[in-house]
Amino acid sequence: MRDWNHLYKKIGPLRYQSSTSDCVPTTIINGLMVLLEDRLHPKLLQLIWTLSGDQDHHGGTGWVCCDTLAVLLNKWFNRAHQDKRERGPLPFDSRIIEGDTVNLDPRGKLLRCLKNGGVACLVTGKNSDHYSLIVGIEEETFLGFDCWWDTKTTHSSVRDSDLYKGIVNIIWTRKELEVELRRSEWVHILSRR
């Protein structure tokens with residue numbers, strides 16, 4: 001279980017979208033801040049925005065963009081130290097899981113990622129055109145952050161509580177998350193090695 005107060009002191013609250021078409025970079029940046037428990041290097045921010053900013057209504061949440069972004073992040077984790085941007089290779093992994101591996105099996109990649117302090121970015125929404133972040137798991141409850149500002153979608157127990165410090169605004173039951181995962185053909189996981 002995450003120490004939300006400790007994480008908040010390190011990174012502050014997560015960020016919301018600044019336009020109607022920047023859910024992918026905003027979600028990835030939020031996910032990396034939770035995973036690394038730190039602010040990000042400005043060059044990494046530039047690379048994320050350049051690669052994943054929506055160009056049209058299919059631009060940012062599509063497979064090619066997100067798969068390429070997963071590769072870019074792995075390159076950064078492994079090689080940023082060669083450009084003196086980090087002290088050494090970072091102990092993190094970025095990858096897309098797809099098909100039958102997108103499930104909540106106790107031995108599956110997604111649940112292992114979350115239980116080991118990782119995060120997961122998934123395609124959500126009725127039209128599967130939005131990116132949301134899973135930031136943790138507590139028992140059978142899955143905690144997330146949706147970067148689209150809408151007080152109606154913020155779970156009431158989060159809205160009325162200071163427990164999650166602006167890092168959680170979605171709470172899924174196992175069944176609710178399973179429904180979201182069935183809509184999604186793939187999930188981008190950011191995990192510790």
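Here is a short tour of a predicted model, stop by stop. Local features need pLDDT of at least 70, side-chain atom pairs count only at pLDDT 80 or more, and totals for chains, interfaces and linings use all residues. Residues are numbered from 1 along each chain as its sequence is written, and side-chain values use heavy atoms, with hydrogens and water left out.

Five of the seven residues in E1 are buried, meaning under 20% relative accessible area with a 1.4 Å probe, protein chains only. Click Ser94 and you'll find its bridge partner in E6, Leu190.

Leu190 also turns up at the next stop, Leu32, which touches it along with Leu73 and Phe77, among others (contact means heavy atoms within 4.5 Å). Leu32 is one of the residues with the most contacts inside the largest nonpolar core, a set of 41. Such a core is made of buried Ala, Val, Leu, Ile, Met, Phe, Trp, Tyr and Cys residues joined through side-chain atoms within 4.5 Å. Color helix H2, residues 23–36, to see the biggest contributor to this core, with eight residues. Then pick Leu110 and Cys113, which belong to a second, separate core of 18 residues.

Last stop: Asn169, in the loop between helix H6 (156–159) and strand E5 (170–173). Asn169 is buried, at 5% relative accessible area. Show side chains and look for the 3.2 Å polar contact between Asn169 and Tyr16 (a pair of N or O atoms within 3.5 Å; within protein, one must be able to donate a hydrogen and the other to accept it, and residues adjacent in sequence count only if both atoms are side-chain atoms). The Asn169 side chain also reaches the backbone nitrogen of Asp146, at 2.8 Å.

Definitions and conventions:
Buried means under 20% relative accessible area, exposed over 50%, partly exposed in between (1.4 Å probe, protein chains only). Helices (H or I, at least four residues) and strands (E, at least two) are DSSP runs, numbered from the N terminus. Two strands pair if DSSP finds at least two bridges between them. Lists of a residue's contacts leave out its neighbours within four places in sequence.
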